[in-house]
Amino acid sequence: MSEAQGPPGAGGGGGTQPLPVVERTGSELDQSASAAAYDPPPTLADETKATRFWSARRVPAAVLSLVLLGGAGLLLYDIAAVRAGHSAMGWRRDLARELAERPLDDTAVLVGAGVAAAAGIWLLVLAVTPGLRAILAMRRGDADVRAGLHRGAAAMVLRDRAMDVSGVQSVRVRMTRSKVDVHAVSHFRELDDVRSDLDATLADGIRDLGLARGPGLSVRVARPGRKG
């Protein structure tokens with residue numbers, strides 16, 4: 001038992017007084033150490049929003065760059081050859097003649113213009129849309145960290161959650177960026193009870209996914225079909 005010198009005049013004027021000893025178990029010590037070392041993660045302000053992931057689109061960019069590089073190089077070579085006193089290439093003479101003589105309402109001209117317009121619209125769509133629709137943005141707990149969850153993995157997690165509900169025989173989950181469609185088959189219990197439990201369980205599951213934008217939930221429950 002530990003002892004310490006007490007104040008003068010206390011307990012008979014200057015004697016020693018026993019101090020209480022508090023014993024802690026190993027689990028309590030572990031909990032105290034964990035509480036002392038615990039540092040809650042930082043939270044961001046409300047104005048910090050998790051944005052979608054943008055696709056690099058390396059393949060379309062590489063194909064377009066190679067086509068433009070090849071066409072520009074060939075055209076510059078032909079122009080330089082003409083400047084040096086050589087005749088222009090046959091394809092450029094034919095193209096100039098066709099553009100001068102062929103009317104604008106010709107089928108070949110309209111088809112070529114349509115293909116060029118479609119390619120331009122496709123490139124514009126690729127430039128202004130983020131892509132990577134299979135990656136769902138998650139809530140951000142740090143300004144320097146971004147996290148995403150694949151839709152297939154999220155659907156698998158929700159399917160496992162749904163299979164834990166009593167009465168559910170099989171589940172099919174289809175997940176998009178804005179909605180979760182769940183089709184369940186129940187072989188016992190009332191369908192309304194199973195649907196109510198699925199609604200609650202899957203709502204908690206979607207919340208636990210930590211998505212920046214929670215999708216809507218649609219649950220359908222049916223009886224298994226008759227065999228034969």
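Visitor: How many helices and strands are there in the protein?
Guide: This predicted model contains six helices and seven strands. Along the sequence, their order is β-β-α-α-α-α-β-β-α-β-β-α-β.

Visitor: Why is Asp-181 called buried?
Guide: Buried means under 20% relative accessible area. Asp-181 has 18% relative accessibility, and therefore counts as buried. The residue belongs to strand 6.

Visitor: Which residues does Asp-181 touch, not counting residues up to four places away in sequence?
Guide: Asp-181 touches Arg-172, Val-173, Arg-174 and Ser-218.

Visitor: What makes a set of residues a nonpolar core, and which residues have the most contacts inside the largest one?
Guide: The members must be buried residues such as Ala, Val, Leu or Met, joined through side-chain atoms within 4.5 Å. The largest nonpolar core has 22 residues, and those with the most contacts inside it are Leu-158, Val-171, Met-175, Val-180, Val-182, Leu-198 and Leu-209. At least two residues of this core come from each of helix 5 (151-163), strand 5 (168-175), strand 6 (179-186), helix 6 (191-208) and strand 7 (216-222). In soluble globular proteins, nonpolar side chains tend to be buried together.

Visitor: With which residues is Leu-198 in contact, leaving aside its neighbours within four places in sequence?
Guide: Leu-198 is in contact with Ala-162, Val-165, Val-168, Ala-184, Ala-203, Val-219 and Val-221.

Visitor: What share of the residues of the protein count as buried?
Guide: Of the 228 residues, 18% count as buried. The protein exposes about 16500 Å², of which carbon and sulfur atoms supply 58%.

Methods. Residues are numbered from 1 along each chain as its sequence is written. This is a predicted model: local features need pLDDT of at least 70, side-chain atom pairs count only at pLDDT 80 or more; totals for chains, interfaces and linings use all residues. Side-chain values use heavy atoms; hydrogens and water are left out. Buried means under 20% relative accessible area, exposed over 50%, partly exposed in between (1.4 Å probe, protein chains only). Helices (H or I, at least four residues) and strands (E, at least two) are DSSP runs, numbered from the N terminus. Contact means heavy atoms within 4.5 Å. Accessible areas come from the Shrake-Rupley method with a 1.4 Å probe; for residues, only the protein chains shown count as cover.
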